[in-house]
Amino acid sequence: MKRAFDLFGSLSLVLLLSPIIFCLAILIRIKLGKPIIFKQERPGLKGSPFYLYKFRTMTGETDSNGELMPDDIRLTSFGLLLRKYSLDEFPQLLNVIKGDISLVGPRPLLMEYLPLYTKEQSKRHEVRPGITGWAQVNGRNAISWEEKFELDVWYVKNQSFLLDLKILLLTVYKVFKSEGISQPGNATMERFNGVNTKAGGGHE
């Protein structure tokens, strides 16, 4: 039932939002250059890797050694606007159609975080990750990693169709209120370094 809902919902949204998606792609090409799509390997169901798609929100500025500059330098006002209203998430509808992720589930973070999870935290990978989730409507990047993972695991243990509908409705509300976009003092959040780390991150 969830997979059928994911397919129906994502295909419907792609058709409905296609004019906006097309215009965003043109604006990103003009303001940020190529590539338009940011692609990164993330862990999916059972930790299996897949490539997550998002609209690009940062420039490709590098330092004298050829290393990318910090996020807060590369994140432009235009990119911040995309993140503020979650417009950069639209390409993930393709991930939903492909079956990599669901509309609702724990957010897919970075592959390098997998060995850092406790046994309890790793339960977040017992379901497909999602575009939005219980942690996103309860603080997003404004809460600690421990709180995020507790909320993710709670979702895994209590998931239902009605809960998914509630999360989707709350997501629309939270997006318009622009809550929890970043951790104070960071472009998104700091990186996760293991148990007892209060900071988060991972290019939300």
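Over the ring of which residue does the charged end of Lys 39 sit?

## Charges over rings

In this predicted model, the charged end of Lys 39 is placed over the ring of Tyr 51, at 4.9 Å from its centre. A further lysine, Lys 31, lies over the face of Phe 78, with 5.6 Å to the ring centre.

## Aromatic pairs

Across the whole structure, a search finds 9 aromatic pairs. One of them joins Tyr 117 and Phe 149, whose ring centres are 5.2 Å apart and whose planes stand at 80 degrees, so the pair is edge-to-face. Because Tyr 117 lies in the loop between strand 3 and strand 4 while Phe 149 belongs to helix 5, the pair ties together parts that are 32 residues apart in sequence.

## Salt bridges

The structure holds 9 salt bridges. Among them is the one between Asp 88 and Lys 54, with 3.5 Å from N to O; since Asp 88 lies in the loop between helix 3 and helix 4 and Lys 54 in strand 2, this pair ties together parts 34 residues apart in sequence. Both Asp 88 and Lys 54 are buried.

Asp 152 and Arg 124, likewise both buried, meet in a salt bridge at 2.8 Å, which links helix 5 to the loop between strand 3 and strand 4 across 28 residues. Salt bridges with shared partners also join Lys 54, Asp 88, Glu 89 and Arg 107 into one network.

How values were computed. Residues numbered from 1 in each chain as written. Predicted model: local features only at pLDDT ≥ 70, side-chain atom pairs only at ≥ 80, totals over all residues. Heavy atoms only, no water. Phe/Tyr/Trp six-rings, centres within 6.5 Å; stacked < 30°, edge-to-face > 60°. Helix = DSSP H or I, 4+ residues; strand = E, 2+ residues; numbered from the N terminus. Lys NZ or Arg CZ within 6 Å of the ring centre and 35° of its normal. Salt bridge = Lys/Arg side-chain N within 4 Å of Asp/Glu carboxyl O. Buried < 20%, exposed > 50% of the residue type's maximum accessible area, 1.4 Å probe, protein only.
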